[in-house]
Amino acid sequence: MNNPVSHFSLEVDGVTGVCPVGEKWAKENISKKATPVLACEGPCIRGEIARLAANIVGKEDSYGRACYAEVALVPHSSMTQWVKSADKIIMIDGCFLSCIGRVLNNLVDENKIVHIDALRLHKKYSDLFLMDDVPEAERKEAARQVAAKILAILNGQKAT
Ligand code: SF4
């Protein structure tokens, strides 16, 4: 039986290393004052569309793609520093469960986060789990459409 709770904590083992290329990427984006774009990266089709859409949005001027796992799980990393110091953060979750958005709410000031539920923007594939059940070209097209709607939202236009 499902028993939802309002809050919970996870114990995470510490780590001493850093990812050299992640450090370089994050430092470049800190110096450019780029807005970090994160995705839940869930392995299902919903998470995959969120991941692909985040890749597209992250390529836009003034945005940059950030690694949510490094942000949350390598707290001494420059990736974490980038997201914590950003004025605005774009968080694209694959569905209404907002898995990483809920983590991010506890890492940074919630008011700085633009939460996006990609499923609400495409409304597809609710009967499928695996991304491989959707042809690659169709996955990419769905992500392209979601990214266009996200950019419209970020630019203050109404997404259709
Ligand atoms: S938000 Fe949805 S798609 Fe993303 S990891 Fe959670 S359950 Fe999966």
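Helices in this account are DSSP runs of H or I with at least four residues, numbered from the N terminus. One of them, helix H3, covers residues 68–73 and includes Leu 73. The model is a predicted one.

Leu 73 has a relative accessible area of 42% and is therefore partly exposed, as that class lies between the 20% limit for buried and the 50% limit for exposed. Together with Val 5, Phe 8, Leu 10 and Val 12, Leu 73 makes a nonpolar surface patch of about 530 Å².

Ser 77 has a relative accessible area of 2%, so it is classed as buried. Its side chain reaches the backbone oxygen of Val 74 at 2.7 Å. Beyond its neighbours within four places in sequence, Ser 77 is in contact with Glu 23 and Glu 70.

With a relative accessible area of 16%, Arg 65 counts as buried because the cut-off is under 20%. What surrounds Arg 65, once neighbours within four places in sequence are left aside? Its contacts are Trp 25, Val 37, Leu 38, Ala 39, Glu 41, Arg 51, Ala 54, Asn 55, Gly 58 and Trp 82. Of these, Val 37 is 28 residues away from Arg 65 in sequence, while their C-alpha atoms are 4.9 Å apart. With Asn 55, the Arg 65 side chain makes a side-chain to side-chain polar contact at 2.7 Å.

Terms used
Residues are numbered from 1 along each chain as its sequence is written. This is a predicted model: local features need pLDDT of at least 70, side-chain atom pairs count only at pLDDT 80 or more; totals for chains, interfaces and linings use all residues. Side-chain values use heavy atoms; hydrogens and water are left out. Patches are made of residues with over 30% relative accessible area and no salt bridge: like charges are joined within 9 Å, nonpolar side chains (Val, Leu, Ile, Met, Phe, Trp, Tyr) within 5 Å. Accessible areas come from the Shrake-Rupley method with a 1.4 Å probe; for residues, only the protein chains shown count as cover. A salt bridge is a side-chain nitrogen of Lys or Arg within 4 Å of a carboxyl oxygen of Asp or Glu. Helices (H or I, at least four residues) and strands (E, at least two) are DSSP runs, numbered from the N terminus. Buried means under 20% relative accessible area, exposed over 50%, partly exposed in between (1.4 Å probe, protein chains only). Contact means heavy atoms within 4.5 Å. A polar contact is a pair of N or O atoms within 3.5 Å; within protein, one must be able to donate a hydrogen and the other to accept it, and residues adjacent in sequence count only if both atoms are side-chain atoms.
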